[in-house]
Amino acid sequence: MADKEAGGSDTGPRETAPTSAYSSPARSLGDTGITPLSPSHIVNDADPNVSEQQTFLVVVAIDFGTTSSGYAYSFTKEPECIHVMRRWEGGDPGVSNQKTPTTILLTPERKFHSFGYAARDFYHDLDPTEAKQWLYLEKFKMKLHTTGDLTMDTDLTAANGKKVKALEIFAYALQYFKEQALKELSDQVGSEFENSDVRWVITVPAIWKQPAKQFMRQAAYQAGLASPENSEQLIIALEPEAASIYCRKLRLHQMIELSGKAAVNGYSASDTVGAGFAQAKEHVRRNRQSRTFLVENVIGEIWSELEEGDKYVVVDSGGGTVDLTVHQIRLPEGHLKELYKATGGPYGSLGVDYEFEKLLCKIFGEDFIEQFKIKRPAAWVDLMIAFESRKRAAAPDRTNPLNITLPFSFIDYYKKFRGHSVEHALRKSNVDFVKWSSQGMLRMSPDAMNALFKPTIDSIIEHLRDLFQKPEVCTVKFLFLVGGFAEAPLLQQAVHAAFGDKCRIIIPQDVGLTILKGAVLFGLDPAVIKVRRSPLTYGVGVLNRYVEGKHPPEKLLVKDGTRWCTDVFDKFISADQSVALGELVKRSYTPAKPSQLVIVINIYSSEHDTVSFITDPGVKKCGTLRLDLTGTSGTAVPARREIQTLMQFGDTEIKATAIDIATSKSVKVGIDFLNY
């Protein structure tokens with residue numbers, strides 16, 4: 001293989017080749033190439049250094065959500081107690097605030113000002129001309145999912161249209177949680193709590209691509225939660241996995257079952273949807289004062305019905321995305337094995353907000369709504385908050401209308417903009433299920449509200465239907481519905497109607513906190529998830545002996561009389577292959593030319609299973625190992641020098657190492673999806 005850098009030695013200038021199909025750079029570069037010595041083999045002895053675990057006094061998990069965020073923690077000495085963060089100042093009517101809105105405010109000088117309710121309320125109280133100078137951001141997590149070419153320099157746009165670096169915003173937000181949590185822990189133990197005593201866990205959607213997961217880790221390093229030298233202090237957990245771990249411990253009284261299989265707590269199935277929830281809400285209301293949840297160190301009743309090999313689906317529906325993950329039980333310990341690579345998409349509750357915005361555009365005109373958002377950003381935020389609390393009141397059997405208060409500045413600005421009243425606009429628009437009420441409110445019929453949910457819920461059901469068609473999935477026993485959007489009765493009803501006869505549908509009671517609690521449990525025992533599916537195919541670029549008729553002529557390179565085929569992709573692991581945590585894949589290579597002083601091993605990834613050459617479409621470079629072979633003059637170097645390359649698949653991190661067997665020199669690199 002030829003390295004992608006110009007010049008065979010360290011002195012040559014670096015050339016940044018575009019990542020699309022490379023023209024073969026091998027001509028000038030045979031000097032640093034490697035060729036395989038042996039077929040690869042997988043070694044299941046996990047890295048010996050991993051066992052020397054650091055000890056942390058406390059695990060703090062941060063659920064950094066699209067619409068709301070929060071943290072929870074547990075002291076390692078009493079792992080059965082999970083404490084959810086203390087009450088936040090502020091809060092909205094009709095919205096329980098165990099979590100805080102994911103909103104952030106920067107001063108006109110771009111310094112961090114506030115987060116959550118505090119950011120929102122402060123921004124709202126600013127004079128409109130002043131507000132234009134301040135940078136207010138909300139729901140910005142979606143940007144990591146939707147940006148195809150995420151880098152450290154990706155920008156976000158604030159409410160006033162100004163751009164800021166995404167990495168800075170994410171780091172500010174994580175730093176804020178870090179300070180809040182350390183403050184709360186210090187108050188609790190009565191002395192200064194050190195960051196080094198904390199193991200941090202941050203949850204991310206399973207369907208995020210690798211760059212987004214790495215981005216979250218970089219932001220956490222910048223916020224000071226951990227450092228690259230001490231990367232074990234931070235675990236990036238996948239949201240549905242965290243939910244799974246918590247669901248294992250659910251007792252019957254901690255969940256609601258939506259299915260016709262049996263009467264639950266004396267309710268028949270048809271009662272359960274309504275009554276079970278009324279009862280659960282009451283239970284949650286009573287418990288809201290207490291922030292400590294006991295997680296009994298037992299496997300819950302539901303779980304104990306599961307047998308070896310049983311499968312279940314976790315549907316994690318949040319603000320931005322919906323993640324579907326299929327897990328399988330492995331006994332005796334009840335470890336989880338990811339059966340089917342996570343699927344899903346941007347079908348979170350934000351979709352409902354988007355439909356509401358489209359409805360407003362239909363009534364008042366898109367030109368007005370665009371202007372209003374820019375000119376009165378704080379009032380727009382207000383309107384969406386008013387919508388949020390009504391959105392939570394939507395239910396399948398609701399008959400009375402839902403009233404949404406229009407901010408005064410909306411009514412006022414509309415009159416200035418159009419020269420007629422909001423009331424007139426509503427009469428004129430042919431949207432007959434939205435009326436104007438004399439108290440200055442939009443009055444929506446329940447059908448109108450349900451129509452706003454429909455596209456998003458349809459997408460989720462459609463996705464689940466596709467999943468249930470898969471042979472691995474059709475025998476699923478349980479479906480766990482978790483995440484903030486799972487609180488929506490309309491979604492519950494739709495899932496129940498579509499899949500109630502296929503499997504048992506279970507909703508944990510405090511469904512919005514399921515992921516947070518599971519993430520704490522994961523931090524206490526990261527070994528519980530045993531097998532994941534690799535999201536990508538990984539390999540290195542090598543030179544192989546050229547075979548006439550098999551290799552394309554344009555890949556031929558003749559070096560000192562030897563005919564090589566360049567740019568060959570030598571595969572380590574395929575996309576969707578099962579990978580045990582800590583698994584090592586080993587390969588041996590030898591320098592293509594015995595006299596080489598430096599070898600460069602480039603690591604590539606692709607979403608496709610079958611990759612032949614590093615120049616194939618979709619292949620991206622994601623790491624470089626550079627090994628210096630000098631300094632071996634005293635020792636006898638074997639004619640065929642062995643360079644061992646190892647890849648270790650861990651957490652969301654992947655580490656690669658190259659070792660020169662003759663001198664035991666080694667280099668290590670973390671796979672990097674953001675900087676190539």
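## Contacts of Phe364

Contact here means heavy atoms within 4.5 Å. The structure is a predicted model. Leaving aside neighbours within four places in sequence, Phe364 is in contact with Ile369, Phe410, Tyr414, Arg418, Val422, Ala425 and Leu442.

## Nonpolar cores

Phe364 and Phe170 are the residues with the most contacts inside the largest nonpolar core, which has 144 residues. Helix 5 (residues 166-189) supplies the largest share of this core, 13 residues. A second, separate core has 29 residues, among them Leu536, Ile603, Cys622 and Ala658.

An open sheet is formed by 3 strands in the order 19-21-20, with antiparallel pairing. Strand 19 (402-405) and strand 20 (434-437) are the edge strands; each has a single partner strand, so one side of each is left without a neighbour in the sheet. On average, neighbouring strands of this sheet are turned by 30° against each other, direction ignored.

Strand 19 pairs with strand 21 (residues 441-444) in the antiparallel sense over 4 bridges. Within this pairing, Ile404 has Leu442 of strand 21 as its bridge partner. Leu442 is also one of the residues in contact with Phe364. Helix 10 (residues 350-364) lies across strand 19, strand 20 and strand 21, and runs at about 110° to strand 21.

## Asn602

Asn602 lies in strand 30 (residues 598-606). Is this residue buried or exposed? Asn602 has a relative accessible area of 0%, so the residue is buried; the cut-off for buried is under 20%. The Asn602 side chain makes a polar contact with the side chain of Thr624, at 3.0 Å.

Methods
Residues are numbered from 1 along each chain as its sequence is written. This is a predicted model: local features need pLDDT of at least 70, side-chain atom pairs count only at pLDDT 80 or more; totals for chains, interfaces and linings use all residues. Side-chain values use heavy atoms; hydrogens and water are left out. Two strands pair if DSSP finds at least two bridges between them. Helices (H or I, at least four residues) and strands (E, at least two) are DSSP runs, numbered from the N terminus. Axes are lines fitted to C-alpha atoms, for helices over the stretch in contact, and angles run from 0 to 180 degrees between N-to-C directions. Buried means under 20% relative accessible area, exposed over 50%, partly exposed in between (1.4 Å probe, protein chains only). A polar contact is a pair of N or O atoms within 3.5 Å; within protein, one must be able to donate a hydrogen and the other to accept it, and residues adjacent in sequence count only if both atoms are side-chain atoms. A nonpolar core is a set of buried Ala, Val, Leu, Ile, Met, Phe, Trp, Tyr and Cys residues joined through side-chain atoms within 4.5 Å.
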